[in-house]
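Take a look at the sequence and the structure below. This report starts at the ligand and then turns to a few helices.

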Amino acid sequence: MTHTSPVAPAPRKTALIIGSGIGGLSLGIRLQSLGFDTTILEKLDAPGGRAYQKRTADGYVFDMGPTVITVPHFIEELFALERDRAALTTPDYPAQVLEGERVREGESGGPRTREYVKLVPILPFYRIYFDDGTYFDYDGDPDSTRRQILELAPDDLAGYERFHKDAGAIFERGFLELGYTHFGDVPSMLRVVPDLMRLDAVRTLFSFTSKYFQSPKLRQVFSFETLLVGGNPLSVPAIYAMIHFVEKTWGIHYAMGGTGALVRAFVQKFEELGGQIRYGAEVERVLVTDGRGKPVKRPTGTRVARGVALAGGEELHADITVSNGDWANLYLKLVPPQARLVNSDVRVRAARQSMSLLVIYFGFRRDGPNDRPLDLRHHNIILGPRYEELLTEIFGEKVLSKDFSQYLHVPTLTDPSLAPEGHHAAYTLVPVPHNASGLNWDIEGPKLVGRVLDFLEERGYIPNLKERLTHSEYITPDYFEGTLDAYLGNAFGPEPTLIQSAYFRPHNRSEDVRNLYLVGAGAQPGAGTPSVMMSAKMTARLIAQDFGIHPDLLGGPDEAVAQAQPETVGAAD
Ligand SMILES: Cc1cc2nc3c(=O)[nH]c(=O)nc-3n(C[C@H](O)[C@H](O)[C@H](O)COP(=O)(O)OP(=O)(O)OC[C@H]3O[C@@H](n4cnc5c(N)ncnc54)[C@H](O)[C@@H]3O)c2cc1C
């Protein structure tokens, strides 16, 4: 057998990951590269979590969650990993990533990605429709942005130039330099406060954009993106202005076959590296003992995670246990209260959860001879008549508003394979309050679905929609609460407010239980597919540090090959 591991860790450490969301899969791949033997336990029948892909009996394929894929470099990093070569000490942003041109056409994934899945760039990134029917095609190209600002609100052109410069500075410091910082203690956070103040990144994003733009339309264009990661533009810190730059720098991409194709590719990579996934494996409890393996009686002294108990009673033991599920659910339901001091029920219940969503997945006949052709793009944001008031009703008052904004996704404009011949597959997502609202979704769900579909037809977004409609189903906050086990049916984990960011966001290394870690939207840095991939790298680094992983395993594949070749060839022989 040829053996090229720089250091063969024997016996290998074992890891259990609760959940196969994109964060869980990314960490699974990373732990395999770090020399662990990893098993992912997923309660559902297939992987992806929020990125679950649904196939219907009548031939539609719907990505249930994320559709906007950013930072293809993070994906490439995962596909480039190899067993026992963790690439945790190589630069996070190598020169070719920082200096390379954004791919605008053709195939966009890196060379290792292409072995698993086909990524293509999407342009414009978004078409943003305003309530008066005008729109803004945002494509990350400053010249076209300037042209459209000149048409919509010429007086704001100078403001855009300043915004561009200041948001760029936030991106450099907040994403490129500090993005991978795990804020595990107060000093780590205090160190960055002066920078955040200097960049004016602690005020709210909406007030930040309002400094530069007078036009309400432009204030919306440059602040709505945080909604895609559960952040209320009126309360997320302006550090989130970096999203604008993340998109501009590396583009927005689509995985052919849908985000589900990317999820399957991650599963394939994880399994190729020797990882195992069990579906229909719901974790009921994290097994916690004291340092001597005895039951924990009170939340002081050493508390150690030993593995998990599945619904049905089976117990699985491992050196480390990682939760990729909902943060609040982990502590409120899976970790016994006597093992928790920091994440007590009171603290967890007091945290603010992100909003929830109603998402309608629907199929419809393509343009017939009597239909006005669709004037939509792959990603469409359709803003309602009110912005600040609507956000306040959703996030603050938690009521169902009379109007709504939505994100309409029509992937079949790029990839017809997702619908039967002659049809489109689409989804539209409407932010709604989470379940602290007390709304009865069995009653409100069908009513809101009817209003949204009527709106799309009456406003001409999809002419004759009801007559052309061939498939329609939807999810509400109850899906997030019941199926995904997310506290109060939150769609994106704890809300990213200033006082729930950095050190104040749940830590990726449990503050309460040794050998228990977190990865994904509920941990640092936050929600969204690029963030949960970052979260996986941050958690892998913490684990490497805690377990004193041999430095040879921490390097990248190329480095490791170069260093290891003479020795390992001999060892293999
Ligand atoms: C509708 C929607 C659209 C979105 N659009 C975008 C987008 O366009 N771009 C973007 O970047 N982000 C988007 N997001 C956010 C992004 O999808 C999420 O932040 C990210 O996918 C969350 O990944 P995760 O790793 O945290 O795990 P999750 O996807 O939350 O997965 C957690 C997994 O854990 C499993 N689990 C939970 N409890 C248990 C248990 N007890 N036992 C076993 N398994 C358990 C669940 O079944 C689930 O599979 C969207 C989210 C939603 C809901």
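An oxygen atom of the ligand sits 2.6 Å from an N or O atom in the side chain of Glu42. Keep in mind that this is a predicted model.

| Residue | Part of the residue | Ligand atom | Distance |
|---|---|---|---|
| Glu42 | side-chain N or O atom | oxygen | 2.6 Å |

How much of the ligand's accessible area does the protein cover? On its own, the ligand has 1,000 Å² of accessible area, and the protein covers 98% of that.

**The shell around the ligand**

The ligand is surrounded by 40 residues. Gly23, Glu42, Arg50, Ala521 and Thr529 are the closest. By type, the shell holds 21 nonpolar, 14 polar and five charged residues. Three elements each supply at least two shell residues: helix α1 (22–33), strand β18 (423–432) and helix α19 (529–546).

Is Lys537 buried or exposed? Its relative accessible area is 1%, so Lys537 is buried. Setting aside residues up to four places away in sequence, Lys537 touches Arg30, Glu77, Ala87, Leu88, Asp92 and Tyr180.

**Helix α15: one buried side**

Helix α15 covers residues 388–397. Its buried residues include Leu390, Leu391, Glu393, Ile394 and Phe395. Why do they lie on the same side of α15? They cover an arc of only 170 degrees around the axis, which puts them on the same side of the helix. An α-helix has 3.6 residues a turn, so residues three or four places apart point the same way. Strand β18 is part of what covers the buried residues of α15. β18 also supplies at least two residues of the ligand shell. After α15 comes Lys398, with a positive phi near 55 degrees.

**Helix α11: largely enclosed**

Now compare helix α11, residues 242–250. How many of its nine residues are buried? Eight of them are, so α11 is largely enclosed by the rest of the structure. The buried residues of α11 are Met242, Ile243, His244, Phe245, Val246, Glu247, Lys248 and Trp250. Just after α11 comes Gly251, whose phi is positive, about 85 degrees.

How values were computed: Residues numbered from 1 in each chain as written. Predicted model: local features only at pLDDT ≥ 70, side-chain atom pairs only at ≥ 80, totals over all residues. Heavy atoms only, no water. Near = heavy atom within 4 Å. Polar contact = N/O pair within 3.5 Å; in protein donor to acceptor, adjacent residues only side chain to side chain. Areas by Shrake-Rupley, 256 points an atom, 1.4 Å probe, with all protein chains shown as cover. Helix = DSSP H or I, 4+ residues; strand = E, 2+ residues; numbered from the N terminus. Nonpolar A, V, L, I, M, F, W, Y, C, P; charged D, E, K, R; others polar. Buried < 20%, exposed > 50% of the residue type's maximum accessible area, 1.4 Å probe, protein only. Contact = heavy atoms within 4.5 Å. Arc of directions from axis to C-beta.
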